[in-house]
Amino acid sequence: MPVLRDTPKDAEIISHQLMLRAGMVRQESAGIYAWLPLGLRVLNKVQQIIREEQNRAGAIELLMPTIQSADLWRESGRYDAYGDEMLRITDRNKREMLFGPTNEEMITEIVRAYVKSYRSLPLNLYHLQWKFRDERRPRFGVMRSREFLMKDAYSFDLDAAGARHSYNKMFTAYLRTFARFGLKAIPMRADTGPIGGDLSHEFIILADTGESEVFCHKDYLDFATPPANTNFDDVAGLEQTVAKWTSLYAATSEMHDATAYDAIATDKRVSARGIEVGHIFYFGTKYSEPMKALVQGPDGKPVVMHMGSYGIGPTRVAAAVIEASHDEHGIVWPVPVAPFEVGLINLKAGDKDTDAAANDLYTKLERAGLSVLLDDTDERAGAKFTTMDMIGLPFQLIVGPKGVKVGEVEIKERKTGERATMTMDAALRRLSDLVSARRFLA
Ligand code: 5CA
């Protein structure tokens, strides 16, 4: 954990500064980052939550390669259209390849190879894979990088109505996913850019450092997240959820309608900056038509499948959570994405009794299923507190020689700064209760 004491000068926004200071990431080339151990733990938690919510909504995981053939992109007509953002590669046999910026073509090729009948539909396949986009202005660390992780899901349906339901499933899954990260993400009508289609929502979290200018109704910030027992096969139910979450005004600057916005009561208007953490698209037959992805319909006639695609950037999400949750002392991780749930500080490493107590607490917490980072370095107490606050683990358990003599330890909640002294057994119980109460979203 290579923590830095000083704020790196070239980092402009707080999440980038804190990710460098906490030793989460390291820049290896412009817009290309190594994920160091602490950062990787966050990235893994983010990916796990994404998987759980994708699976809950009926999507199925697979894994496609990062390197793709140019010929595949010629079939859809995007090879030339994609421009300078695409990293083009030539292999030893002079074959034109590319590092995938997205996977519409490849998934269409896979599905057309195996799916021959409408009976196999609907189908939604997703993967978590690195992407490369040669961004003109990579900046803000992993927020806008050139190499980044994406969860991209692709839905296939027989017709537009089916595709609409697939879209609603992902829309609803996204509301749950972002809520589980501790984020308030608002779906906004958005421009479709190089992916295409005419129906699309960006999921935006409000943050002063966001790159998008956004306008929305304030009430969205208090809307309830769809519950874990949402029935994803209930067409009308999901239609209602989406209708509610699109009932009020919300748009990015490209889609902004000043007249509609001005109709909102003045005290309900939010004009702010936002971070796009997810983006979903319905684009019908834009890829399936030129790539001839057909199935046999119920009447035996061939039908071109309707498609949508659904992206989340886990690397960007890690930074976005920090933008949304930090204070003057550092990061304040929400429990579900925290790299460790508890930071255990041994105030006097090398002291026999303190070491024994700290190691015992460590073992018992791990055995109780909590993830614990044990600081048994020989830094000064003050430096340990500063580092632990900066890396932002939700709870701290502080073990010192004086307390150990009388069988007591201290618990601190990072977010509120609240501290309490209690016996070791009480501390173990309290931490278990506090952590488990914050891990899940109903
Ligand atoms: N194929 C579609 C959906 S799967 C697609 O590529 N959509 S996208 O372009 O909107 O990207 C999806 C998500 O990836 C974005 O919402 C964002 O969270 C993330 N993302 C896109 N570009 C970057 C970047 N340069 N750095 C970090 N994350 C990015």
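Me: A crossing is left-handed if the near helix is turned anticlockwise from the far one by less than a right angle, and right-handed if clockwise. Which hand does the crossing of H2 and H6 have?

Reply: Right-handed. By the definition, the near helix is therefore turned clockwise from the far one. A caution first: this is a predicted model, where local features need pLDDT of at least 70, side-chain atom pairs count only at pLDDT 80 or more, and totals for chains, interfaces and linings use all residues. Residues are numbered from 1 along each chain as its sequence is written, and side-chain values use heavy atoms, leaving out hydrogens and water.

Me: What makes a stretch a helix or a strand here?

Reply: Both are DSSP runs, numbered from the N terminus: helices are H or I with at least four residues, strands are E with at least two. Helix H2 covers residues 37-56, and helix H6 covers residues 160-180.

Me: How do H2 and H6 lie to each other?

Reply: Their axes come within 9 Å and cross at roughly 150°. Axes are lines fitted to C-alpha atoms, for helices over the stretch in contact, and angles run from 0 to 180 degrees between N-to-C directions.

Me: Why is H2 called roughly antiparallel to H6?

Reply: Angles under 35 degrees count as roughly parallel, over 145 as roughly antiparallel, 65 to 115 as roughly perpendicular and the rest as oblique. The angle is roughly 150°, so H2 is roughly antiparallel to H6. Contact (heavy atoms within 4.5 Å) involves, among others, Ile 49 and Ile 50 of H2 and Met 170 and Ala 173 of H6.

Me: What about H6 and H7?

Reply: These axes also come within 9 Å, but cross at roughly 60°. That angle makes H6 oblique to H7. The crossing is left-handed. Among the residues in contact are Phe 171 and Leu 175 of H6, with Leu 238 and Trp 245 of H7.

Me: Why is Gly 308 called buried?

Reply: Its relative accessibility is 0%, so Gly 308 falls under the buried limit. Gly 308 lies in strand S16, residues 306-312. It touches Ala 153, Phe 281 and Phe 283, among others beyond four places away in sequence. Glu 104 is 204 residues away in sequence, yet 9.0 Å away in space, C-alpha to C-alpha.

Me: What makes a set of residues a nonpolar core?

Reply: Its members are buried Ala, Val, Leu, Ile, Met, Phe, Trp, Tyr and Cys residues joined through side-chain atoms within 4.5 Å. The largest has 77 residues, and Trp 333 is one of those with the most contacts inside it. Helix H6 gives the most to this core, with 8 residues. A second, separate core of 26 residues includes Phe 281.

Me: Where do the domain limits come from?

Reply: From an automatic or database domain assignment. Domain 1 is 14-330 and domain 2 is 340-438. Their C-alpha centres lie 38 Å apart. The contact takes 9 residues from domain 1 and 7 residues from domain 2.

Methods:
Buried < 20%, exposed > 50% of the residue type's maximum accessible area, 1.4 Å probe, protein only.
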